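The sequence and the structure come first, and my notes follow.

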Amino acid sequence: MIPSANTIPQEEKIISTRNLKFTYEGGVQALHGLNLDIRYGDYLAIVGGNGSGKTTLAKTLNGLLRPTSGTVFVKGRSASEQKVAELAKIVGYAFQNPDHQLFCSSVEDEVRFGPENLGYSDSEVREKVERAIEAMRLGDVRKLPPLSLRLGQRRRVSIASIIAMDPQVLILDEPTTGLDAGESQDLLDRLKVLNAEGKTIILITHDMRVVAENARRVIVMSNGRMILDSDCRGVFSDLAILGESSLEPPPVSKLAHRLAKYGIPQDVVSAEELVFQLMRSGGGG
Amino acid sequence: MGGFIDLYTEADTFLHRMDPRVKIVSVLMLSLLAFVLTNLNLLLLLLAFIFLLLLLARATMSRTLFALKFVFRFMVLIVILWPIFDPSGSPVLASLGPIKITEPAIWRGVTSAVRVGCLATVWYILMFTTSQRDLVRALVKLGVRFDFGLTLAISLRFLPTFGALIDSIKDAQRARGLELSKGGLLKRSRNYVAVLVPTIVSALRTADTLSLALQSRAYGARADRTYLRDLTMRPSDYVALTVLVLLLVLPTFAKFVMQIDI
């Protein structure tokens with residue numbers, strides 16, 4: 001029994017899916033009946049091998065793909081009843097390749113494009129653009145053509161162009177791919193700030209280190225099913241699940257597994273924690 | 001999108017095995033034959049022959065219908081429009097102002113529609129029984145310069161890729177609140193700038209990378225390149241070629257030399 005729009009409690013969940021199925025035109029079923037609740041302010045990572053349905057799931061959340069059956073509720077309303085442009089106000093989606101979005105002659109114009117499409121007034125647009133440029137630290141390059149920037153900057157521009165629409169939820173598809181360690185860390189720091197300010201972040205990624213250090217909740221996808229929904233500790237201590245979805249835990253978790261016989265717990269997800277545990281088992285030295 | 005651009009369907013029939021050069025020449029000859037024949041019955045016979053080939057090549061019904069759907073619409077259009085624009089002949093069946101619908105014009109429309117059907121189907125057979133690689137290799141063997149052949153091969157290869165790229169870019173911009181079909185004609189064409197610019201930029205980036213990849217594999221190092229696989233004519237290819245040459249030459253001879261009205 002699929003609950004109707006008004007039976008979904010609105011207070012905590014910004015997105016809910018009920019028995020969500022999606023089949024591509026060629027007959028490939030990418031999602032096999034997902035039930036997922038995303039709360040306001042979540043920091044969620046969706047992980048899984050290539051072709052596991054991560055991107056398909058994300059695209060149903062903002063209406064780019066319409067469910068074959070089942071329902072996606074956004075703020076309690078069925079997404080199928082709303083246009084992508086309406087949903088964009090609530091669910092922002094930054095594509096993997098920033099070059100698929102950039103077309104304006106200056107960073108500023110690029111960032112303006114979204115809020116202008118949504119019909120905000122001039123002063124609102126200006127304010128939102130300023131906030132987005134500030135959030136992604138693009139002040140220095142705001143007059144430059146986005147296509148002349150480095151990949152890390154181009155990605156920040158494409159994310160800023162989504163943030164400028166002021167969506168409650170921000171979906172980022174592989175945001176750290178192709179960035180060097182510094183750029184990547186910088187971007188993740190900015191996302192943490194946005195999350196702390198109340199934005200719901202959904203990160204699609206292959207990088208388990210990024211997941212371990214940022215997300216509070218992890219969903220593991222495999223063959224169009226959610227095979228695990230847990231916090232990071234639960235996911236990275238479950239080697240069987242990870243193997244099934246061709247994922248590898250971050251190095252620090254692997255090290256903890258190897259050190260199990262010395263009494264190190266299996267749910268370590270950061271270097272600091274490992275150091276702490278080592279000091280403790282080493283007799284407090 | 002991919003299925004629409006590359007019609008090739010893997011199978012093991014005599015048409016799939018036939019030398020691609022013979023197939024190209026045969027298709028050209030059958031196309032010429034469709035123009036030589038003016039008699040509706042003979043054209044229908046040719047269409048039946050071409051459909052027989054379609055069956056022998058084990059065409060999948062759904063893909064064939066999909067590919068020929070547009071042609072069928074075009075044929076219907078010809079049958080409807082021909083009599084309206086061709087007032088010659090008698091008897092006149094109906095008239096409305098300057099428009100006269102005559103019986104011979106209707107038959108001429110039907111004849112032309114059948115001819116278009118023959119042409120489309122015969123070229124469709126070539127496309128779905130010949131892989132793009134074989135097609136290009138045959139063209140090069142028939143005397144087309146290798147770089148032209150390679151250009152054609154690359155274009156065909158990248159068409160579905162660009163189809164997917166455009167879809168992805170459209171989605172990316174829709175996620176920014178762009179509504180492509182909103183507004184008047186001017187507004188709508190301006191909407192497409194947001195799709196067109198990233199498409200062109202991505203295409204140029206791809207082309208640039210591709211040219212480097214070709215060079216790093218020694219493309220153009222020697223003029224006299226060799227080929228791993230060569231095309232060789234088998235006895236069955238000669239038989240097929242002979243049959244098709246006769247099929248074109250006999251009616252042509254009958255029409256233009258013996259002045260038989262066909």
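**Entry 1: An arginine and its helix**

I began with the contacts of B:Arg115: leaving aside neighbours within four places in sequence, B:Arg115 touches B:Ala34, B:Phe35, B:Leu37, B:Thr38 and B:Leu43. I note at the outset that this is a predicted model. B:Arg115 has its place in helix α6 of chain B. Is this arginine buried or exposed? Its relative accessible area is 16%, so I recorded B:Arg115 as buried, the limit for buried being under 20%.

**Entry 2: Two helices side by side**

I next looked up how helix α6 of chain B, residues 103-129, lies against helix α3 of chain B, residues 20-36. Their axes are 9 Å apart, and the packing angle is about 175°. Angles over 145 degrees count as roughly antiparallel, and α3(B) and α6(B) are therefore roughly antiparallel to each other.

I then listed the residues that make this contact. From α3(B) they are B:Lys23, B:Ile24, B:Val27, B:Leu28, B:Leu30, B:Ser31, B:Ala34 and B:Phe35. From α6(B) they are B:Arg115, B:Cys118, B:Leu119, B:Val122, B:Trp123, B:Leu126 and B:Thr129. Which classes of residue make up the contact? I recorded 11 nonpolar, 2 polar and 2 charged residues.

**Entry 3: A further helix of chain B**

I checked the length of helix α11 of chain B, which runs over residues 235-256. At 1.5 Å a residue, its 22 residues should span 32 Å, and its end C-alpha atoms are 31 Å apart, so the two values agree. The buried residues of α11(B) are B:Asp237, B:Ala240, B:Leu244, B:Leu248, B:Pro251, B:Ala254 and B:Lys255. Against what do these buried residues pack? I found that they pack against α3 of chain B.

**Entry 4: The domains of chain B**

I looked up the domain assignment of chain B. Domain 1 is given as 14-130 + 232-257, and domain 2 as 155-216. The C-alpha centres of these two domains of chain B lie 37 Å apart.

**Entry 5: A loop residue with positive phi in chain B**

I turned to B:Arg58, which sits in the loop between α4 (40-56) and α5 (61-85) of chain B. Its phi is near 50°, a positive value in a residue other than glycine. With a relative accessible area of 58%, B:Arg58 is exposed.

**Entry 6: The end of a strand in chain A**

A:Ser222 counts as buried at 11% relative accessibility. Apart from neighbours within four places in sequence, A:Ser222 is in contact with A:Ser52, A:Ile227, A:Glu244 and A:Ser245.

I then read A:Asn223, in the loop between β9 and β10 (225-230) of chain A. A:Asn223 counts as exposed at 56% relative accessibility. Phi of A:Asn223 is near 45°, a positive value in a residue other than glycine.

**Entry 7: A tyrosine in chain A**

My last entry concerns A:Tyr24, in the loop between β1 (13-23) and β2 (29-39) of chain A. At 34% relative accessibility, A:Tyr24 counts as partly exposed. Not counting residues up to four places away in sequence, A:Tyr24 touches A:Ala30, A:Thr56 and A:Leu65. How far apart in space are A:Tyr24 and A:Leu144? They are 39 Å apart, C-alpha to C-alpha, and 120 residues apart in sequence.

Key: Residues numbered from 1 in each chain as written. Chains lettered and ligands numbered in written order. Predicted model: local features only at pLDDT ≥ 70, side-chain atom pairs only at ≥ 80, totals over all residues. Heavy atoms only, no water. Domains from an automatic or database assignment. Axes fitted to C-alpha atoms, helices over the stretch in contact; angles between N-to-C directions. Helix = DSSP H or I, 4+ residues; strand = E, 2+ residues; numbered from the N terminus. Parallel < 35°, antiparallel > 145°, perpendicular 65-115°, else oblique. Contact = heavy atoms within 4.5 Å. Nonpolar A, V, L, I, M, F, W, Y, C, P; charged D, E, K, R; others polar. Expected span 1.5 Å × (residues − 1). Buried < 20%, exposed > 50% of the residue type's maximum accessible area, 1.4 Å probe, protein only.
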